[in-house]
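Subject: Structure handover

Hello,

Here is the structure you asked to take over. Please open it first, then read the notes below.

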Amino acid sequence: MKITIETPGPGEEDEIIIRCAVLDQEIIQLISRLKRGREKLPAYLDQEIIMLPLKDIYYFESVDHKVFAYCQEQVYEVHKKLYELEADYASQDFLRISKSTIVHLPKIAHLKPLFNGRFEAALKNGEKVIISRQYVTMLKKKLGI
């Protein structure tokens with residue numbers, strides 16, 4: 001595969017051109033990631049609405065019928081259901097790891113096996129989340145382990 005990067009001239013917009021012999025699933029996923037790469041999610045902190053970049057989110061958690069987005073140092077409320085977030089951002093490397101949690105895979109620092117087939121994921125912000133055993137197979141598949 002050949003990759004060429006050019007800087008656009010003044011007044012020109014960014015452009016990505018993909019040339020491929022076959023438009024396979026991997027390329028379709030890459031296109032989806034590129035389209036969503038700058039995507040932001042409306043999140044709420046006190047009385048403010050913040051447009052939160054997806055790349056800043058470590059995980060989503062549902063607590064007492066509310067959904068929260070956990071970032072490096074701040075926690076925001078999100079007005080979407082967990083199943084909606086799971087469907088919307090599955091192609092963005094977000095993966096459900098329990099009934100109440102969706103993790104952003106690039107934010108995992110390391111994994112540790114626990115009792116009863118569960119795993120513990122240590123995130124890059126120092127937090128730890130538990131991966132339920134029914135989601136471990138999907139996690140391993142996504143990570144290629």
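How many nonpolar, polar and charged residues does the lining of the largest pocket have, by class? The lining has 11 nonpolar, two polar and nine charged residues. Here Ala, Val, Leu, Ile, Met, Phe, Trp, Tyr, Cys and Pro count as nonpolar, Asp, Glu, Lys and Arg as charged, and the others, Gly among them, as polar.

Some ground rules. This is a predicted model: local features need pLDDT of at least 70, side-chain atom pairs count only at pLDDT 80 or more, and totals for chains, interfaces and linings use all residues. Residues are numbered from 1 along each chain as its sequence is written, and side-chain values use heavy atoms, with hydrogens and water left out.

**The pocket**

The largest pocket has a volume of about 1000 Å³. Its lining counts 22 residues, and the closest to its centre are I3, T4, I16, I17 and I18. A pocket is an open set of points on a 1 Å grid over the protein atoms alone, where a 1.4 Å probe fits, with protein on both sides within 12 Å along at least five of seven lines. Lining residues have an atom within 4 Å of a point. Grid points are joined across faces, edges and corners, and the volume is the space filled by probe spheres set on the points.

**Overall layout**

The protein has three helices and 10 strands. Along the sequence the pattern reads α-β-β-β-β-β-α-β-β-β-β-β-α. Both kinds of element are DSSP runs, numbered from the N terminus: helices are H or I with at least four residues, strands are E with at least two. The C-alpha trace spans about 50 × 40 × 25 Å along its principal axes.

Of the 145 residues, 30% count as buried. Buried means under 20% relative accessible area, exposed over 50%, and partly exposed in between (1.4 Å probe, protein chains only). Among contacts with a separation of 6 or more, 38% come from residues 24 or more positions apart. A contact means heavy atoms within 4.5 Å.

Strand β3 (residues 59-63) pairs with strand β4 (residues 66-70) in the antiparallel sense, over five bridges. Two strands pair if DSSP finds at least two bridges between them. F60 has A69 in β4 as its bridge partner. β4 also pairs with strand β5 (residues 75-78), again antiparallel, over four bridges. There Y70 stands opposite V75 in β5. A hairpin of four residues joins β4 to β5.

β3 and β4 form a hairpin too, with two residues between them. Look at the loop. D64 lies between β3 and β4, and H65 lies in that loop as well. Most residues other than glycine have a negative phi. D64 has a positive phi of about 50° although it is not a glycine. H65 has one of about 65°, and is not a glycine either. D64 counts as exposed because its relative accessibility is 69%. H65 is exposed, with a relative accessible area of 81%.

The structure holds zero disulfides (pairs of cysteine sulfur atoms within 2.5 Å). C71 counts as buried because its relative accessibility is 8%. C20, at 35%, counts as partly exposed.

I28 sits in helix α1 (residues 25-36). At 38% relative accessibility, I28 is partly exposed. I28 and E77 are 49 residues apart along the chain, and their C-alpha atoms are separated by 31 Å.

Best wishes
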